[in-house]
Amino acid sequence: MAIHDLFTILGTEVLAAGSSDDDSGLLGYVLFASGFVFYAYVFIRYRNTDKRHSHESETEASLANMKEKDEFVKARRGLTNRRLRGANNTAVHGALNKSTAGLLGNSTAGLLSKLRG
Amino acid sequence: MSTGNTEQEIPLQHAEAHSNPASANAEPAEPVSPETSSAQPDVGAGVEAEAVADTRVFHTDDDAKDGLTKCERCGATEISLNIATGMLRCGFCRHEFSTQNAAEAFNLDTDIASLEGTLMGSGSSDIIPSAEEVLTFKCTACGAEVVIDTNNSTQARCHWCRNTLSMNQQVPNGAVPDMILPFSINKESAVERIAKFVGKRKFFAHPTFKSEFNPENVMGVYMPYMIVDVNAHARLSGEGEHQTRSYTVKVGDKEQRRYDADLYNVERDFDIHINDLSVESSSERLNQNTAENTNNIINTIMPFDVENSVRYDSNYLAGFTSERRDSNLDQLKPIAHTQAQDIARHRVNDTLKFYDRGVRWTNETVDVHGERWVSAYLPVWLYSYQQRKSNGSTFLHYVAVNARTGETMGSVPLNKGKLFLVSGIVQVVGMIVGTVLVVLGI
């Protein structure tokens with residue numbers, strides 16, 4: 001995992017805690033957690049607890065007879081989230097290393113459990 | 001797999017239905033004579049299948065022989081893998097030869113779209129709990145009884161005449177797979193890769209590990225895997241969003257970002273053909289709880305070029321160790337099917353680029369119409385280090401090298417005291433700098 005991923009996750013948490021989408025002072029908030037981020041980065045670099053075989057992308061597969069249906073429903077205005085809430089088209093359920101699945105699912109649970117451990 | 005290869009249809013009762021009754025019913029306590037084994041009915045080298053319901057078994061050890069496997073040129077039994085060429089080499093006359101490519105021998109490269117039901121190699125059959133793991137063979141050179149512990153190898157040297165005895169016929173204990181992928185990266189190269197990997201992680205490494213680390217202790221291990229081809233039909237439905245506008249609004253005295261998006265109902269209906277999905281078939285390796293072990297390291301070095309696997313011959317194991325398969329299809333199918341669903345979900349993303357805000361699937365159905373299972377030994381250079389912690393517990397760390405691709409991954413024990421100290425310093429500096437930045441609103 002690259003350190004910018006950790007910053008992204010941690011930064012998201014800090015912002016969520018502050019109930020604000022304001023970007024001002026973001027770097028400062030991230031630096032408040034710099035020791036934890038550094039610990040997590042070194043821990044993961046040495047122990048590689050997040051690593052696994054990416055079966056979903058590293059396995060050869062071909063698609064055939066594709067049928068696509070895309071039906072407009074409505075326009076949404078003034079959304080606060082950058083991504084569709086609950087988007088799961090990149091989710092992985094078959095990873096044997098579950099801590100990785102947590103990270104891929106944009107959850108901080110895996111990271112926090114490592115920090116606790 | 002083409003049904004044209006199905007020559008017989010015999011009800012399958014798990015692994016008891018092997019076409020090799022003497023092998024399947026072998027009484028390990030009794031010496032098994034190689035002559036007896038080779039005297040079994042020759043059913044030919046072609047792929048043969050048994051079936052029950054929608055499960056068919058094709059035999060992968062029909063012409064395999066236990067006991068002394070001799071060099072066809074000089075008759076010696078001192079045969080081992082020449083990593084440089086990937087072929088077996090006689091230790092006396094240097095004659096080199098290899099077994100047939102497994103894909104060709106077992107028709108594994110037939111169209112996946114034609115797969116129906118479950119097709120499995122006989123080396124993938126269910127393990128019968130009563131099947132012995134330690135087998136006794138009679139050396140035909142001198143008559144001595146030689147024991148092979150299938151947990152670590154399928155070969156043993158006769159303690160009297162020094163000939164090497166091999167076990168190539170499948171018994172329902174998971175020791176002899178359908179195919180094997182020989183090592184192609186030698187020990188020197190593996191040692192170099194492991195030393196380089198650990199060398200980049202020395203600063204925070206545990207001092208005991210640093211003093212004891214010796215990459216020369218790496219071992220060549222054949223790990224058990226199941227290789228699966230899947231013919232499935234997938235149907236996914238849900239909602240997707242396409243961003244139409246991004247802008248900022250004033251909330252109080254701060255600016256916040258807002259997005260406009262179009263919402264769509266999305267459906268994708270397609271066939272998916274998955275080739276060579278690899279699943280660990282050792283129950284120990286399937287446990288990848290990183291709080292308990294470092295098995296995820298071995299998992300990470302996949303994939304292997306399994307299409308280059310060859311028919312199993314115990315001589316490929318000479319000089320290496322092996323880990324016996326101890327998981328059956330019933331245990332592995334749910335994992336493979338969940339992974340197949342993951343692959344379908346990810347592959348279909350190529351058709352979803354319009355939905356730049358993502359897609360939320362609310363219904364996913366993947367129907368497996370056909371699947372082909374083949375057991376394989378795949379080659380890994382493995383460095384292991386047993387860390388003894390201050391509380392008396394131990395933790396096993398691995399550094400593993402894929403002995404085909406060279407991909408290297410590892411777990412290095414940490415000097416946590418040193419890491420805590422440095423992290424604390426980073427935290428203090430970060431707090432000071434962060435406070436300044438927040439005050440300045442940067």
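**Entry 1: confidence in chain A**

I began with the confidence of chain A, where the mean pLDDT is 75 and 62% of the residues reach 70 or more. Within chain A the highest confidence belongs to E1(A), at 97, and the lowest to helix H6 (residues 109–116), at a mean of 40. I then marked two stretches: residues 1–21 of chain A have a pLDDT below 50, with 25 contacts in the model beyond near neighbours in sequence, and residues 101–117 of chain A are likewise below 50, with 24 such contacts. Where pLDDT is low, predicted coordinates should not be read in detail, and I kept that in mind for the entries below.

**Entry 2: the make-up of chain A**

I listed the elements of chain A and found six helices and one strand, which run α-α-α-α-β-α-α from the N terminus on. Of the 117 residues in chain A, 33% are buried. Taking the contacts in chain A between residues at least 6 apart in sequence, I noted that 65% of them join residues at least 24 apart.

**Entry 3: where the chains meet**

I next looked up the contact between the chains, which takes 65 residues from chain A and 73 residues from chain B. On the side of chain B that touches chain A, the elements that each supply at least two residues are strand E14 (254–280), helix H7 (295–300), helix H8 (329–347), strand E17 (359–388), strand E19 (408–410) and H9. Which of these gives the largest share of that side? It is E14(B), with 23 residues. By residue class, this side of chain B divides into 31 nonpolar, 25 polar and 17 charged residues.

Most residues other than glycine have a negative phi, and most peptide bonds are trans, so I looked up the exceptions. Asn65(A), a residue of strand E1 of chain A, has a positive phi near 55°, and Asp276(B), a residue of strand E14 of chain B, has a positive phi near 60°. Are these two residues buried or exposed? Asn65(A) counts as exposed because it has 10 C-beta neighbours inside 10 Å, while Asp276(B) is buried, with 21 other C-beta atoms within 10 Å.

**Entry 4: a cis peptide bond**

I also checked omega, and the peptide bond from Met302(B) to Pro303(B) is cis, with omega near 10°. Pro303(B) is placed in the loop between H7 and strand E15 (310–311) of chain B.

Strand E4 (residues 79–82) and strand E5 (residues 87–90) of chain B pair in the antiparallel sense over four bridges, and Asn82(B) has Met87(B) in E5(B) as its bridge partner. The two strands form a hairpin with four residues between them, and Gly86(B) in the turn has a positive phi of about 75°.

I then followed an open sheet of three strands in chain B, with antiparallel pairing and the order E3-E11-E10. Strand E3 (67–68) and strand E10 (155–157) of chain B each have a single partner strand and stand at the edges, so one side of each is left without a neighbour in the sheet. E10(B) is joined to strand E11 (residues 164–166) of chain B by three bridges, and Arg157(B) stands opposite Thr164(B) in E11(B).

**Entry 5: the nonpolar core**

The largest nonpolar core has 108 residues, and Ile180(B), Ala340(B), Ala376(B), Leu378(B), Val380(B) and Ala400(B) have the most contacts inside it. E17(B) gives the largest share of this core, with 13 residues. I followed up Leu378(B), which, residues up to four places away in sequence not being counted, touches Leu181(B), Tyr222(B), Met223(B), Tyr225(B) and Phe304(B).

**Entry 6: Phe420(B)**

Last, I looked up Phe420(B), which is placed in helix H9 (residues 416–440) of chain B. Phe420(B) has 13 other C-beta atoms within 10 Å and is therefore partly exposed. From Phe420(B) to Arg360(B) the separation is 60 residues in sequence and 40 Å in space, C-alpha to C-alpha.

Terms used: Residues numbered from 1 in each chain as written. Chains lettered and ligands numbered in written order. Predicted model: local features only at pLDDT ≥ 70, side-chain atom pairs only at ≥ 80, totals over all residues. Buried ≥ 20, exposed ≤ 12 C-beta atoms within 10 Å, placed from the backbone. Contact = placed C-beta atoms within 7 Å. Nonpolar A, V, L, I, M, F, W, Y, C, P; charged D, E, K, R; others polar. Pairing = 2+ DSSP bridges. Core = buried A, V, L, I, M, F, W, Y, C linked by C-beta atoms within 7 Å. pLDDT = per-residue confidence, 0-100.
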